[in-house]
Protein chains: 2
Amino acid sequence: MFSALACATGTRARRGTLTTAHNVIATPVFMPVGTRGTVRTQTLPQLEALGAPMLLANTYHLMGRPGIELFERLGGLHRWMGWGGSILTDSGGFQVFSLATSRTIDDDGAVFQDVADGPRLVLTPERSIAMQRAIGSDVMMVFDHCVDATSSHDDTRLAMERTHRWARRSLAARGDSPGKLFAIVQGGRFAELRRASAVELVGIDGFDGYAIGGLAVGEERAEREDITELVTELLPVDRPRYLMGVGTPLDILEAVHRGVDLFDCILPTALAQHGRAFTQAGKLDLRKGLHRFVDTPLDPTCPCEACTRHSRSYLHHLVKTREPLGWQLLAHHNLRFYVRMMSDIRDAIANDTFVAYRAALREILATEE
Amino acid sequence: MFSALACATGTRARRGTLTTAHNVIATPVFMPVGTRGTVRTQTLPQLEALGAPMLLANTYHLMGRPGIELFERLGGLHRWMGWGGSILTDSGGFQVFSLATSRTIDDDGAVFQDVADGPRLVLTPERSIAMQRAIGSDVMMVFDHCVDATSSHDDTRLAMERTHRWARRSLAARGDSPGKLFAIVQGGRFAELRRASAVELVGIDGFDGYAIGGLAVGEERAEREDITELVTELLPVDRPRYLMGVGTPLDILEAVHRGVDLFDCILPTALAQHGRAFTQAGKLDLRKGLHRFVDTPLDPTCPCEACTRHSRSYLHHLVKTREPLGWQLLAHHNLRFYVRMMSDIRDAIANDTFVAYRAALREILATEE
């Protein structure tokens, strides 16, 4: 179900394919984030125009609304949202970290208070997998205990050990599901915990891939890159590797260089809401008055709707007047930038020009008006 | 430039065509509202899919941002927003009413304080027409003094007389502009003032059409319908009539019956923001839980993106989670409902079945879940 097709010289970057029940996905790949069953602001035609083969959806949020019953009755998320590509689901483990102030946790699972539209929400490995099965997820994640980057060695170790126990329970709960299941390597910023986590999980038979969790939660870039590297070195070459929630184009480029295959991040849509756009000439801030009379596209090399039909001047106006269309068009453009970058990265690996590509892209990404 | 092509039996409804520099517009027609150079939430492909031949834009708002200089430098609103159809512009006269607490007014014009992105904004007949010319408006409005429905007879009369003086100044300011210019009948809720206003303005040579202003500002429906009727009876049959800012589907149906040709209203997009949708089976409130598991389209007879690609269940979810896509899809659907209703109205007039059509549509419009 995963094949590493090509490796490039002077890098651990690899070109592969991941096959799901819905499609064959060329890796490295970026997944737009569709937390609640919609990629924020994007219509289905826009989503389809992106050329992204797989979206990410979120077990925790979809459990709160619309709830598991809906998927059991109406037949899964793909059909409900009208998406023909693949869907990878996070397990809710990230909310154990991000909603830490409103949940309690023990070895059984986590209980979230103050949930939208409900009194509380209980997540255990078994309940998380049941929800991911109801969603009809192509790639499920084990339920994990994610901690923040400032956690002590002891707290990080305990959460990691719990993550390993929950990984085994998630595997047992998977049953006959056609969805793939990825384990999640934890261990925070401690190299020897990360090594222990990778070795332990690789030793368990049955996982279809491995995620690296607990990064992009407050640590330094160098730390993140070092940990990514030491973990990927311990993971089997014939399984896909997914760096959860990461990140900027530079983060992704550097993680590909270190052997990662799958990515997701809310940045393309979140930055768009604040008028920021990625281009082949660097990052632009459309809120700035300098765009007011600029009658040229955001990025003349980009084939997206924002670039082929609108000028910087008009986009600047939409951003300044807080029109929803401004957010939508910039989100579409930024997602397209990410999807195109991944396509360029795959080509560079296949042509064994990744080292030169990386150097050139690093220069573009350092440019900000 | 305007021809009344057909009239139906038992009604003053008429089918006509209005020809602008951009297209030939079949009337009666509904204009989506693009106040700031964008119909809120709608992309250009969505706008084009509606089949609406003309949009409304607003002089006051566009004068504040992006400002007249932009249109002078970049060549008008059509090109700037990418719209190939016609554009009708309101003169700013409505803001004399709606922003009454932050403006002063005298015979020269109005001065608005607390304007977004600027210290103040001055509108006179000459400045309003200059802005509408810079926009490249296909149909310009004279600058008028609109008052609310509770104004006294004296205040209403004074504002009406000022509106007539400003109509003459607007006409003089029009110069060699290729844009058409409509006069605006005022006179509030007073029948004899409305008659005086219509007679006075029809007596001035040079207007291409007539708008009825100062309605949908707090008066009763019966009052609005009576005034519409008495004004249209006094207007020449060979000029288009535009009922400004009106209204619900029922308002429009009743005004067509009384001989009105052009309409605009923010309701289709504004109601969408609150989860309300017009359908051929009545009005729906998508916020209600009864739609949660409904796996059928909003309106199975509607060819729009919301109806052909999504279920009520999914739209309910988008509305409940306040996803921008929910607003956008319902806005698109509601606009399509209006555009389609106008097309049905035109067919009914042409086929001389308007009286029966009106009775049937009134029944549908009275249905609300």
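Predicted model: local features only at pLDDT ≥ 70, side-chain atom pairs only at ≥ 80, totals over all residues.
## Two helices at an angle

Helix α13 (residues 312-320) and helix α14 (residues 324-350) of chain A pack at about 125°, and their axes are 7 Å apart. The pair α13(A) and α14(A) is therefore oblique, and the crossing of these two helices is left-handed.

Which residues make the contact? From α13(A) come L315(A), L318(A) and V319(A), while α14(A) supplies L325(A), G326(A), L329(A) and L330(A). Sorted by class, the contact of α13(A) with α14(A) has 6 nonpolar residues, 1 polar residue and no charged ones.

## Where the chains meet

Chain A and chain B each bring 31 residues to their contact. On the side of chain B that touches chain A, the elements giving two or more residues are α3 (68-74), α4 (77-81), α12 (305-309), α13 (312-320) and α14 (324-350) of chain B. Of these, α13(B) gives the most, with 5 residues. The classes on this side of chain B come to 11 nonpolar, 10 polar and 10 charged residues.

## A sheet in chain B

Chain B also holds an open sheet of 3 strands, in the order β7-β8-β9 with antiparallel pairing. Its edge strands are β7 (103-105) and β9 (120-123) of chain B, each pairing on one side only. From one strand to the next, the twist averages 15°.

Zooming in, β7(B) pairs with β8 (residues 110-113) of chain B in the antiparallel sense over 3 bridges. Here R103(B) stands opposite F112(B) in β8(B).

Conventions
Residues numbered from 1 in each chain as written. Chains lettered and ligands numbered in written order. Contact = placed C-beta atoms within 7 Å. Helix = DSSP H or I, 4+ residues; strand = E, 2+ residues; numbered from the N terminus. Nonpolar A, V, L, I, M, F, W, Y, C, P; charged D, E, K, R; others polar. Axes fitted to C-alpha atoms, helices over the stretch in contact; angles between N-to-C directions. Parallel < 35°, antiparallel > 145°, perpendicular 65-115°, else oblique. Left-handed = near helix turned anticlockwise from the far one by under 90°. Pairing = 2+ DSSP bridges.
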